[in-house]
Amino acid sequence: MNVRAVAAQVIYQVVDQGQSLSAALPPAQQKVAPRDGALLQEICYGVLRWLPRLESITQSLMDKPLKGKQRVFHHLILVGLYQIAFMRIPPHAAVAETVDATKVLKKPQLRGLVNAVLRSYQRNQENLDATAVSHDAGKYGHPGWLLKLLQTAYPQQWEQVVDANHQKAPMWLRVNRTHHTRDSYRALLTENGIETEVHSEAQDALKLASPCDVTALPGFADGWVSVQDAAAQLSVDYLQPQSGELILDCCAAPGGKTCHILEHKADANVVAMDVDATRLTRVEENLARLNLKAQVICGDARHPSEWWQGEQFDRILLDAPCSATGVIRRHPDIKWLRRADDIAQLVSLQSEIIDAMWAQLKPGGTLVYATCSITPQENGQQVAAFLARTSDATLETGTPDAPGRQILPGQENMDGFYYAVIKKSA
């Protein structure tokens, strides 16, 4: 199928129907030729990164919006605008292919409208671009509520965060130390013409100079290496698993952290729990590929008595459900699917889970609270509130005024992440 037509359908599913890009894109990629999969992804990601700017331009060029069954053609116009504004595709080719998509979408009578809008943009691009970035939404590509939150939380750094959110995320690898050291696997990649960089903290992490298909990675099918951001890999350093311990990975799917724990301590007794049975399939698949063993359980973290009757855990990694505002560069749809009132609901859920998990932790045990969020409400403020109401909890990272550690997007090429290590009195 025409790549632009498929891209318009994906963006329609995300923006108008509220589907996540990670759910809408993979089946769409099956509709296009393999060589066009990367182009489809680039267009979809790009439109969602710069949605307000493209919407502003579209409004300037059209007398009235497309609605109802014609709505997908509104998104087709966004697809065309993005190619002209941001991609290296020759404008005449971008216009021609986008106009041709009207036939695939079974509304050839809209061919003239799509063509007129795109050619009008070509003729007046400089002025239209200037107008589109004259307001904050168009300039910064973030919804107003999120931009205000970032400006309040990070008055000195919010522009860096916004900029990082617009960048293409790098591809980080986690070397399975049961097969290779990081340096020996790096040498293997070099022999295969794959350039990498190391991370200053994450001891198993390598960043590829250019992303590649996992099938090009030596030993991927045999479990020698996995794909995981360096910030997520730091979880094992904060958890510090020990041999023979009973360890819970709470909210574990898709299982990257579960596997990393076992790569460090294969004789640990690890339980991987998540509320989503479908996503737990990914945990099972990752464990199988890496030849690792964990007990996988489906359950609600707020109600552990429903799924756990065993002894208390030595260590708990609580990778709490969150706004995912730290991984927008990987999931630009988050900006448009999240709402301001989601934060308060997530904070309430996190609070319930951390209290429930604390009761499952042995005296003297360690709980690592983690999110891929950068909102203070879900992170530092959440942990401060927990410490205030929990007499047998001691903070091990950060200070009482700034509990835990906040990693911002782009910091040493990492995703945005938060960690707090909390010790339970013996």
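The model is predicted, so local features need pLDDT of at least 70 and side-chain atom pairs count only at pLDDT 80 or more, while totals for chains, interfaces and linings use all residues. Residues are numbered from 1 along each chain as its sequence is written, and side-chain values use heavy atoms, with hydrogens and water left out.

**Binding site**
- An unreviewed UniProt entry lists a "binding site" whose residues include Lys257, Pro254 and Asp319; such annotations may be inferred rather than shown by experiment.
- Pro254 sits in the loop between strand S5 (246–250) and helix H15 (256–264); helices (H or I, at least four residues) and strands (E, at least two) are DSSP runs, numbered from the N terminus.
- Pro254 is partly exposed because its relative accessibility is 28%, between the limits for buried (under 20%) and exposed (over 50%), using a 1.4 Å probe and protein chains only.
- Beyond neighbours within four places in sequence, Pro254 contacts Arg279, Arg282, Val283 and Asn286, where contact means heavy atoms within 4.5 Å.
- Asp319 belongs to strand S8 (residues 313–319) and is buried, at 15% relative accessible area.
- With neighbours within four places in sequence left aside, Asp319 touches Cys250, Cys251, Lys257, Ala370 and Thr371.

**Sheet**
- Four strands make an open antiparallel sheet, ordered S2-S3-S1-S4; strands pair if DSSP finds at least two bridges between them.
- S2 (196–198) and S4 (225–227) are the edge strands, each with a single partner, so one side of each lacks a neighbour in the sheet.
- Three bridges join S1 (residues 172–175) to S4, and Arg174 has Ser226 as its bridge partner in S4.
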